[in-house]
Amino acid sequence: MITLGIEGTAHTLGVGIVDSDCKVYANEIDMFKPPTGGLHPREVANHHADVVARVISEALDKAGMTPKDIDLVSFSMGPGLGPCLRIAATAARALSGYLKVPIVGVNHCIAHIEIGRAQTGCTDPALLYASGGNTQVIAYSEGRYRIFGETQDIGIGNMLDKLGRDLGMGFYAGPVFEKLAKEGDKYYELPYSVKGMDVAFSGLMTAALALHKKGVRLEDIALSVQETAYAMLTEVTERAMAHIGKDEVLLGGGVVQNMRLREMVADMAHERGAEMFVPDRRFCMDNGAMIAWLGSEMYSSGVRMDVSDTAVMQRFRTDEVEVTWRS
Ligand code: ATP
Ligand code: FE2
């Protein structure tokens, strides 16, 4: 069975094509880059509407397939920005109707876990999902993927991007922080906010801006922000692993491209006798292959959706989905 999946929760419009063994035939993305920084949902949606037909064609070309090779269409039903979600959903409904093949809407966060499991070979991990909009520790328990810890204010990536903009680093600041931090040599203490398995970043942002106003070098601010924020993520991941007894940790989301974060989580895992798994960069970022793969798993386990079941859900919670494809 060949599944074509369309991702469109945030700035990336992605189209992936996979088979029932999670062999990936295509995984094309087109990412909206805002001219001034900050994402305006309607502008991103216009971008997605402009590119979606072309990205679908490119994915088919890449796979060496024609539309009639597609047996199932899936799309990201949420969580995400409403106008963007609706573009991906509309494209998926149109394609499924035109090809007369079934349609399945999937949860974006669960798609990150499932592609990670398939691509890295881990079986029952705790997932640290650290992206722009999301920061969660998720694990499977009693038929659901449950959120054990999460951010109480903004996602780690959005925090880095917003702080970076205020510090004059430009948009998409995560990689800039990483580069600058390598040149930093002095650590300044910043608010470390962990409550149980939850984290919060607003205090850290305010304090980092205050350091900037005092004339502290950007390199040292970057070092301090990274050390503090990633230690918080590592601590809550460890606590979740201990709490639910998991000895695998899987990383997902754009921020886990950060080598310092990986190093901290790897050290933690090593000390616990656990193992860390990191999917390839193209599967960590938002992408269509993960949407296609989760759609394929759900459909194979018997999930069926009518077009009337495919309304998008901006606040689609990870634990709303009954996990039918794992025993
Ligand atoms: P979501 O998955 O919540 O919809 P998104 O689409 O914004 O979020 P991704 O594409 O997964 O997220 O990741 C983008 C984020 O990753 C940005 O905030 C960016 O700054 C951050 N990022 C990318 N590379 C790095 C890096 N090397 N270090 C830290 N952060 C990074
Ligand atoms: Fe994502």
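This is a predicted model: local features need pLDDT of at least 70, side-chain atom pairs count only at pLDDT 80 or more; totals for chains, interfaces and linings use all residues.
## Iron site

Four residues coordinate the iron ion (ligand 2): His108, His112, Tyr129 and Asp286. Both histidines use NE2. Tyr129 gives its OH and Asp286 an OD atom. The distances run from 2.0 to 2.5 Å.

Along the chain, the donors of the iron ion are spaced as H-x3-H-x16-Y-x156-D. Tyr129 and Asp286 link distant parts of the chain, 157 residues apart. Tyr129 belongs to strand β6 (residues 126-130). Asp286 sits in the loop between α9 (281-284) and α10 (288-300). Tyr129 and Asp286 are both buried.

## Ligand 1

Ligand 1 is surrounded by 24 residues. The closest are Tyr129, Ser131, Asn134, Asp161 and Asp286. Tyr129 and Asp286 also coordinate the iron ion (ligand 2).

Polar contacts to ligand 1 include backbone and side-chain atoms. A backbone N or O atom of Gly254 lies 2.8 Å from an oxygen atom of ligand 1. At Gly157, a polar backbone atom is 3.3 Å from an oxygen atom of the ligand. Asn258 uses its side chain: one of its polar atoms lies 3.1 Å from a nitrogen atom of ligand 1.

## Largest pocket

The largest pocket has a volume of about 1,300 Å³. Its lining holds 49 residues. Closest to the pocket centre are Ser131, Gly132, Gly133, Asn134 and Asn158. Ser131 and Asn134 are also among the residues closest to ligand 1.

Five elements each supply at least two lining residues: α3 (108-120), β7 (135-141), β8 (144-150), α4 (156-166) and α5 (174-183). The largest share, six residues, comes from α4. By class, the pocket lining has 22 polar, 17 nonpolar and 10 charged residues.

## Largest cavity

How many cavities of 30 Å³ or more does a search of the whole structure find? There is one. The largest cavity has a volume of about 40 Å³.

Leu128, Thr135, Gln136, Val137, Gly149, Glu150, Met197, Asp198, Val199, Leu233 and Val236 line the largest cavity. The elements that give two or more of these residues are β7, β8, β10 (198-199) and α7 (218-244). The largest share, three residues, comes from β7. Six residues of the cavity lining are nonpolar, three polar and two charged. Strands β7 and β8 also supply residues to the lining of the largest pocket.

Note on methods. Residues are numbered from 1 along each chain as its sequence is written. Chains are lettered from A and ligands numbered from 1 in the order in which they are written. Side-chain values use heavy atoms; hydrogens and water are left out. Donors are N, O and S atoms within 2.8 Å of the metal (3.2 Å for Na, K and Ca); water is not among the atoms, so sites may look incomplete. Helices (H or I, at least four residues) and strands (E, at least two) are DSSP runs, numbered from the N terminus. Buried means under 20% relative accessible area, exposed over 50%, partly exposed in between (1.4 Å probe, protein chains only). On a 1 Å grid over the protein atoms alone, a cavity is a set of points where a 1.4 Å probe fits but cannot get out, and a pocket is an open set with protein on both sides within 12 Å along at least five of seven lines; lining residues have an atom within 4 Å of a point. Grid points are joined across faces, edges and corners, and a volume is the space filled by probe spheres set on the points. Ala, Val, Leu, Ile, Met, Phe, Trp, Tyr, Cys and Pro count as nonpolar, Asp, Glu, Lys and Arg as charged, and the others, Gly among them, as polar. A residue is near a molecule or strand if one of its heavy atoms lies within 4 Å of it. A polar contact is a pair of N or O atoms within 3.5 Å; within protein, one must be able to donate a hydrogen and the other to accept it, and residues adjacent in sequence count only if both atoms are side-chain atoms.
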